[in-house]
Amino acid sequence: MSRVIENRDLVFDKFPTIRTPHLELVQITEAHAEDLYKLFGDSNVTRFYNLAPLESPVDSHRLIDHFRKRFESKAAIRWGIRLNDRKDIIGTVGFNNFTPKHRANIGYDLQYAYWNRGICTEALHAIISFGFHALNINRIESEVMEGNASSIHLMHKIGFKHEGTLRDWMYWNNRHYDMLMFSLLRSDPHK
């Protein structure tokens, strides 16, 4: 079970850190530019992501600035995933957008070397709890690109329901992509 460290009534006064048995979800800062480059410079990670692989650590600064601005505007929150015994981040997880008392859209990514170790499962359980309790969300959605077998498996594993296919939902790199819609309601049983 995860534990929210900061006062949940003051979510946006100070960036909330979340600890789980093996992870710490932390604010992404300029100190993580090299970590983000290692993550998003890998085509294995960006294959089903609407982001071209980063070409240098300098490209990471735009992402860091984007995450910071979205948090400051109270529109989104994205954490860096770090193992409890390390300082670098190996992935990100968070809400790309949310509406209190209504719904949120999640996103997550992890360095390829850490896939299939239960890290995203643990991180997602933590932010799902945070979303339902601290952000007062009722519905959490995940849009998964068709063909992304790992994410489809993960969504089923943590209890999300597949609701259908959003045809030509995403437009990226001069092409339309079908997206699979998954959701988890506060009233659903959590795995």
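I looked up the largest nonpolar core first: 41 residues, with W79, F95, L124 and M155 making the most contacts inside it. I am working from a predicted model.

I then checked which elements build this core. At least two residues each come from strand 3 (23-27), strand 4 (77-83), strand 5, strand 6 (103-110), helix 4 (119-133), strand 7 (139-145), helix 5 (149-157) and strand 9 (175-185). Helix 4 gives the largest share, nine residues. Another core lies apart from it; this one has 13 residues, among them V26, I28, Y49 and L54.

Next I listed the contacts of F95. Leaving out residues up to four places away in sequence, F95 touches A76, I77, W79, A104, N105, I106, I127, F130, G131, L135 and I140.

I turned to V93, which sits in strand 5 (residues 91-98). Is V93 buried or exposed? V93 counts as buried because its relative accessibility is 1%, and the cut-off for buried is under 20%. With residues up to four places away in sequence again left out, V93 touches L25, I77, R78, W79, I81, G107, Y108, A123, L124 and I127. I also checked V93 against L110: 17 residues apart in sequence, 8.6 Å from C-alpha to C-alpha.

Last, I looked at the largest pocket. Its volume is about 1,200 Å³. The lining has 47 residues, and Y49, G107, Y108, D109 and S151 are the closest to the pocket centre. I sorted the lining by class: 24 nonpolar, 16 polar and seven charged residues.

Key. Residues are numbered from 1 along each chain as its sequence is written. This is a predicted model: local features need pLDDT of at least 70, side-chain atom pairs count only at pLDDT 80 or more; totals for chains, interfaces and linings use all residues. Side-chain values use heavy atoms; hydrogens and water are left out. On a 1 Å grid over the protein atoms alone, a cavity is a set of points where a 1.4 Å probe fits but cannot get out, and a pocket is an open set with protein on both sides within 12 Å along at least five of seven lines; lining residues have an atom within 4 Å of a point. Grid points are joined across faces, edges and corners, and a volume is the space filled by probe spheres set on the points. Ala, Val, Leu, Ile, Met, Phe, Trp, Tyr, Cys and Pro count as nonpolar, Asp, Glu, Lys and Arg as charged, and the others, Gly among them, as polar. Helices (H or I, at least four residues) and strands (E, at least two) are DSSP runs, numbered from the N terminus. Buried means under 20% relative accessible area, exposed over 50%, partly exposed in between (1.4 Å probe, protein chains only). Contact means heavy atoms within 4.5 Å. A nonpolar core is a set of buried Ala, Val, Leu, Ile, Met, Phe, Trp, Tyr and Cys residues joined through side-chain atoms within 4.5 Å.
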